[in-house]
Amino acid sequence: MKKIHIVDDDSNIVESLEIVLKKEGFSCSSQCDDNNVVENVLKVGADLVILDVIFPEDDSAGFKIARELKKDDRTSKIPILM
C-alpha cells in the first residue's frame, strides 16, 4: 500500500484528502503545521508528500519545506505535490 503524507494547516482540507485517498486504497498520515516535516516523512515512510504552499506564519513555508525535502538524500526522491 502506498503511503501519502499530507502537510496542510487547514484541517478540513486534510480530512477531505484523507477520505478520498483512503477510499482509493492509500495509507495516509498528516500534520497541520510545518514542523519537522522531513523527520515525519521519514517516520511514516511516505511515497508521496502533498504539501500546502502557504502557512499562516510564513507565506513561503511550503517552498522552504520542499527545498528541505529535496536537499536531504533520504527524502530527495519522494515526489511532492503542491
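The legends below describe views of one predicted model.

View 1. Helices (H or I, at least four residues) and strands (E, at least two) are DSSP runs, numbered from the N terminus. Along the sequence these elements follow the pattern β-α-β-α-β-α-β. The C-alpha trace spans about 30 × 30 × 15 Å along its principal axes. A compact globule of 82 residues would have a radius of gyration near 12 Å, and the chain agrees, with 12 Å. This radius is taken over C-alpha atoms, and the globule rule is 2.2 Å times the number of residues to the power 0.38. Of the 82 residues, 34% are buried; buried means under 20% relative accessible area, exposed over 50%, and partly exposed in between (1.4 Å probe, protein chains only).

View 2. Strand S2 (residues 27–31) runs parallel to S1 and is joined to it by five bridges. S1 also pairs with strand S3 (residues 48–51), in the parallel sense, over four bridges. Two strands count as paired if DSSP finds at least two bridges between them. Val7 has a bridge partner in each neighbour: Gln31 in S2 and Leu51 in S3.

**View 3. The β-α-β unit of S1, helix H1 (residues 11–23) and S2.** The unit is right-handed. That term applies if, with the strands pointing away from the viewer, the path from the first strand over the helix to the second runs clockwise.

**View 4. Helix H3 (residues 61–71) and its buried residues.** Ala61, Gly62, Ile65, Ala66 and Leu69 are buried in H3. They cover an arc of only 135° around the axis, which puts them on the same side of H3. The arc is that of the directions from the helix axis to the C-beta atoms. The buried residues of H3 pack against helix H2 (37–44), S3 and strand S4 (80–81), where contact means heavy atoms within 4.5 Å. On the other side of H3, Arg67 and Lys71 are exposed.

**Notes to all views.** Residues are numbered from 1 along each chain as its sequence is written, and side-chain values use heavy atoms, with hydrogens and water left out. In this predicted model, local features need pLDDT of at least 70 and side-chain atom pairs count only at pLDDT 80 or more, whereas totals for chains, interfaces and linings use all residues.
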